Structure formats: structure tokens, C-alpha cells
Amino acid sequence: MESKEGGLFSHDPAVYYDEERGYYYTYSTDAGPKGWENPGGQIRRSRDLIHFEYLGAALKDGAIPEEVAALTKAKGVWAPDIIREGDEYRLYYSASTFGSQHSVIGLAVSDNPEGPFVHRGIVVHTTPESPVNAIDANLVREEGTGQHYLVYGSFWGGIRLLKLDNATGLAAEEGCGRVLACRDRKSCDTAIEGPYVRFNSKTGYYYLFVSFDSLTNVYNVRVGRSRKLEGPYLDHNGRRLDDMTYPANHVGLKLTTGYSFKEGTGFMALGHNSVLEREDGWFMVCHARYEHNKHLHALNVRRMVFDEEGWPAVSPCLYAGESEEIVPEQELCGIYKRIDFVLDVKRLCERPIPMKLEKKGKCLVGDLAGTWSYDPATGWIELVVNGAVERLRALRGTNREEGGETIALTGRNNAGIGVWAIRENQ
């Protein structure tokens, strides 16, 4: 069993970069084996988004505040998120128990991103009579106004947006806020949670990331976008994330999937993500469970790119320091292991099929012949196979399963189905 060092047992990670200290921080759920039951929320830090150091609990004295414990019977902190306002760091955390709406999102503050964080008050409290569940907090500043909002929710009533008081960090309005996304109970037991909203100044959109389905097996990240923070959030097909008339798994652009490029070494249940923008690009930070042991979950950091239509795609390789440089065309030819995303998931880890990029623009995907072309100015490949058109970004990556450097491909076809591929070692 690995120690608390590194990213093992990071569940529901929220990423934050502190310019003063030059560290990346992640704040995550109290989760792990025996010895990890102490409450307070886990803090880790890193200089490079690769090597993480465990710092301990976020809340002062590693304890659930008495008023929160009385309302929720919670034994630990779930899914914290952080925002800085002036010299104050505000940590929003969830307290609840599995399957319960007796839940609280609390606010704790500190003058240091490493804590300790001292409880200030309750932001949202829900009960079985409430239309939503008060967990999975995400903090967003509205572009232009700087107004703070809380995005939150899980299962019951979906994902909500609540206005906050910038001065105190507590709720600025009565009620539970407005609905941004939800799912149908009949088809999927309303399984949507882990919201995370960020604005991309280059595309002009707010992106709402959410996690669908069971967190222990087929968890996956979906995304919709909106010109306004309050929505509506639409997917790549123009479907609203709060529209429940479509099949439950056919709403939202799917960005992650359980996969196994080499049997026994894969990841499943990639979900509950946060995102980070740096000078050298965007990154998705989430947790995933190991194919060989679903009880082990770990931090995943993956590069994220945006296509010409402004939709994100996530690298199939864990980030190992590679840049987002354009890969020369002559390096792309070779044999790849390819994962095609499935909307209605039937197995925990999708298995690869072979793909070959040949010279003179020919390709094979399984037994199907097609063509490919490359734009060396953007790094995007276009494949045409069996009538389907795919747009895939070529990225440098590290082959986690086999070792060594590789080329990673990520993107989707014209129907919005995601594709991941990694080139086999040459």
C-alpha cells in the first residue's frame, strides 16, 4: 500500500494555483483505507503538477464543526473547493452521509492556502424536503462583474447556481438557487454531480463540467457550455444539460471513459474533475480507480485542449511535463492502440482496437480502411473512416503502460463520440 505521499487516495480533487507561493494545491475528500478516517479534507501541493506532497487536514484541528456535525452526522469532509478574495482563502466543503439529503456546504477561512481553515458559517443546508442536495461545492467568479457564485448539487434536483455575498462568502439569496443541469430519475436515478464551471476567454464560453453515473465504476465527465454563467448550458448537439427528454447518456459531451490500453493496468471511473488554466494550456484534474483494484483511487492530471469549435478534449496520457507543442507530421505514422468512447457503457474499462496511420494519407481502424490528413499549423488530424469524420489532436505523452515517450491522440467524430489513441513504442 502506498503512503499518503503522492496522489493516492485523492478523491474529488479541486486544483488551485497560488501565485505567491508558486505551488499547485489540491483539496479533496476524506477517503482512503484505515488510518485515513480523520476528518478535515485532504490538502496536497506540487511545484509541477506531477509530484504531490500530502500536507494533512484543511480544517482546524481536523474536526467537523459542531453545528455542521449536528445537522449531518458527517464523519468527514467531502469535495472541498477554494477561492481567494483579497488576502483571505475561502474553503467551501461538504458534510453529509451516503444516500442522505441531511447535508451542509460550509465555509472555512484562512490567510494561507495550506490552512488551518476556521469555520465561518453554513452556506447551504438541505433536508429530505429540499429540492437539491447540498454537496459538491464549486466557486465561480462572474466575468465582468467579479460576483461570486456557488455551483453545487448531486442527484436530487441536479446542479444549482447560488449567488454569494462577496464580503462574507456566505449566501446572498434565499432558497437553493437556479437549476443548471439535471438527469431523469427513471433512467439513471438522477446520477449527476461534481459540477465545475470555468470561463475560457479565448472561446468566450463558460464550461460546466459534471460527472455522470456511479462513482465506483462507470463514472465519467461530461461538459456543456454557455455564453452566460446562469446558462442555459448546451452540449455539442445543442441539447440543454437540464433537458431530460433525451436518453440519459446522450446528453453532454463525454470527455472521459474507463479504459485499458494494457489489460490490468487501466483506469475506471474517471470523474469529479476540476480544471486549471496555465500559460502553457489547460489541464483536467480528476480521480480514477485502478482496473486491478476498484478500492484504490488516485489523482489524475491530464492535458486538455480545445478544438476549432471551442469544445474540450482530454489527453489519454497522464501529464508528465510534456508541452503542447505541435508534433511534426513525420512522427505520426505508426501503429496505435485506440479507445472508442461508448455512451451507454456496458463494461468498466473499454478495450483498445488497433489503428494504423500509414504514409500517403492512408489509415486502418480495425479492419476499416480510410484516409487521414494533418494540419501542421494546429496539430489536428482529420480521419475519414466508413463515412465518419474525426478530428483528433496529436500531443506528446508518456506511455504509462509500456514506458517511454509516445504520441497521444484525443478528440471526437462528427457524431460527438470521443476517441483516444496512443502510438505503440517504435
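A salt bridge is a side-chain nitrogen of Lys or Arg within 4 Å of a carboxyl oxygen of Asp or Glu. This is a predicted model, where local features need pLDDT of at least 70 and side-chain atom pairs count only at pLDDT 80 or more, while totals for chains, interfaces and linings use all residues. Residues are numbered from 1 along each chain as its sequence is written, and side-chain values use heavy atoms, leaving out hydrogens and water.

Start with E324 and R393. Their side chains form a salt bridge, 3.8 Å from N to O. E324 sits in the loop between β20 (312-314) and β21, and R393 in strand β26 (residues 388-398), so the pair ties together parts 69 residues apart in sequence. Strands (E, at least two residues) are DSSP runs, numbered from the N terminus. Is R393 buried or exposed? R393 is buried, at 4% relative accessible area. Buried means under 20%, exposed over 50%, and partly exposed in between (1.4 Å probe, protein chains only). E324 is partly exposed, at 27%.

The structure holds 28 salt bridges. One of them joins R45 and E114, with the closest N and O atoms 2.8 Å apart. R45 lies in strand β3 (residues 42-46) and E114 in the loop between β7 (103-110) and β8 (118-126), so this pair also links parts that are 69 residues apart. R45 is buried, at 18% relative accessibility. E114 is partly exposed, at 27%.

Now look at R351 and E291. Their salt bridge spans 2.7 Å, N to O. R351 is partly exposed, at 31% relative accessibility. E291 is buried, at 18%.

Technical notes
Helix = DSSP H or I, 4+ residues; strand = E, 2+ residues; numbered from the N terminus.
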